[in-house]
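Please open the model in your viewer and keep the sequence panel beside it. The stops below say what to select next and what is found there.

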Amino acid sequence: MKLLDKLIIKDFLKTYFFVVVMLVLVVLVLDFTEKNDAYIRNDVPSNEIFKYMANYGLYLNNLLTPITVFISVIFITSKMAGRTEIIAILSSGVSFMRMLRPFLFAAAMIGSVSFLLNGWVLPGATEGVTRFKLTYLENEKTSGASNIHLKVGGESYAYMSRFFKTGNTGWNFTLETIKDGELLAKLSSDRIEWDTAKRVWTLRNWRLRELRERDELYSVGERLDTVLSIRPEDFDLPDNHHETLKLPDLSKQIKILEDRGADNVEFYRIERYVRLMSPFAAMILTFIGVIMSARKTRGGSGFQIAMGFLLAFVYIILFILSRTFAENGATYPIFAVWLPNIIFAATGLLLYKTVPR
C-alpha cells in the first residue's frame, strides 16, 4: 500500500498544481483584458503590471483553494473508480479509511502551505495589489484622510477634520472623555503635530474644558505636549488593512486595538480566525470529494466533476456569507467563521455511510 500511497499523493499534488495554474491564468487574462485600457490611459510601467499580476495570482490561489482541491480530488478518485481500482483496493481487505490516508496527507500538505501563505506571504501580496490600484487605477486621489473618528481609550474619543501624512499634521483636533453617556472633558486645538524626537503629539492653540458636578474649569494655551495611544501610521489606512498584516503583526495590532478600546478590533480578530480556519478546509473538502466520487458511474466522471464545482462554489459562498455575518456583529464570530467547515464536515460524515465497503 505504500507504493500506492506515493502514487496517489503524487497524482493529487500534480493535478492540484495543474488546476491552480489553469484557473489562475484564466482569471489573470480576464483581469488584464478588463484593465488594459486603464493601463494604457495611465501609462502604467510594464514591470508594475507584472508585479501586480504576480501578487494578484497569489491572492487568487488562496481564494480558489477550495475549488482546486475539490476538483483535483474528484478528478483523481473518479478516474480510479472508472478503472475499478477502488473496487480492487477495497476487495484486497484495505478499509476505506485506510485508502483515504494518502488523500488526507496530500490535503494536509496543501493546507500547511496555504497556512504559511495566509500568514506570511499573502499579506504582502494583498498590500501590493491595494497599492497598485490606489496608484494607477483609482481616479480620485486624496492627499490625506478627512473626518477621522478614533477611539483612543476606554472612555476617550478623538476627532480630526483632516490629517496629512506628509507633515504628520492634523487640523481641528478634539479629544472627548465620555463616561456613561456624559461628557466629562473636552480638549480642542486648531492643529496637532507629531513630534518625531519626543514621540508625543503637540497641540497648537489648545482649549481644555472640564465639566464638574457644579461648575466647569476652562483653560487655554499655545502649546501642549500630550501622549495618545495613536501614531501617524494609524491614519489613512486602507479598508483592508487587516488583510495586509502578517500573522504576528496581526496579533500585535489586535492587542494594540484592545488596549485602545477601538471599535474595529473585531475585523482584525475575524481575520485571524479565518487564517487559522482556512487550512482545515482542504482536508474536509478532500474527505467529501473522495466519498462522492468513489463509486463507478456509467456516465463517466463529468457529472462528478460538475458536482465538485457546484459544491466548491457553495462552500465559497457560504464562507463569504458567514464572514459577513461575523463582521456585522454576530454574537459568536468565531462560530460564524467556522460554520462552513462545521456544515461540510457534518455533511461528509453523513455521506461516509454511503461509501462502498
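Begin by selecting Asp180, which sits in the loop between β3 (169–179) and β4 (182–195), where helices (H or I, at least four residues) and strands (E, at least two) are DSSP runs numbered from the N terminus. Although Asp180 is not a glycine, it has a positive phi of about 55 degrees. With a relative accessible area of 74%, Asp180 is exposed; on this scale buried means under 20% relative accessible area, exposed over 50%, and partly exposed in between, with a 1.4 Å probe and protein chains only.

Before moving on, note that this is a predicted model, in which local features need pLDDT of at least 70 and side-chain atom pairs count only at pLDDT 80 or more, while totals for chains, interfaces and linings use all residues. Residues are numbered from 1 along each chain as its sequence is written, and side-chain values use heavy atoms, with hydrogens and water left out.

Next, select Asp43, in the loop between α1 (2–41) and α2 (46–63). Asp43 is not a glycine either, yet it has a positive phi of about 55 degrees, and its relative accessible area of 65% makes it exposed.

If you show the surroundings of Phe12, leaving aside its neighbours within four places in sequence, its contacts (heavy atoms within 4.5 Å) include Val69, Val73, Phe103, Ile110 and Thr286.

The aromatic rings come next. Rings of Phe, Tyr and Trp (its six-membered ring) pair if their centres lie within 6.5 Å, and planes under 30 degrees apart count as stacked, over 60 as edge-to-face and the rest as tilted; by this rule there are 14 aromatic pairs. Select Tyr39 and Phe132, whose ring centres are 6.0 Å apart with planes at 75 degrees, so the pair is edge-to-face. Because Tyr39 lies in helix α1 and Phe132 in helix α5, this pair ties together parts that are 93 residues apart in sequence. Tyr39 counts as buried at 4% relative accessibility, and Phe132 also counts as buried, at 4%.

For another pair, select Phe96 and Tyr352, with ring centres 6.2 Å apart and planes at 55 degrees, so the pair is tilted. This pair links distant parts of the chain, with Phe96 in helix α5 and Tyr352 in helix α9 (residues 333–352), 256 residues apart. Phe96 is buried, with a relative accessible area of 3%, whereas Tyr352 counts as partly exposed at 21%.

To close the tour, select Phe32, Tyr39, Tyr52, Tyr56, Tyr59, Phe132 and Tyr136 together, and you will have a cluster that is linked by ring pairs.
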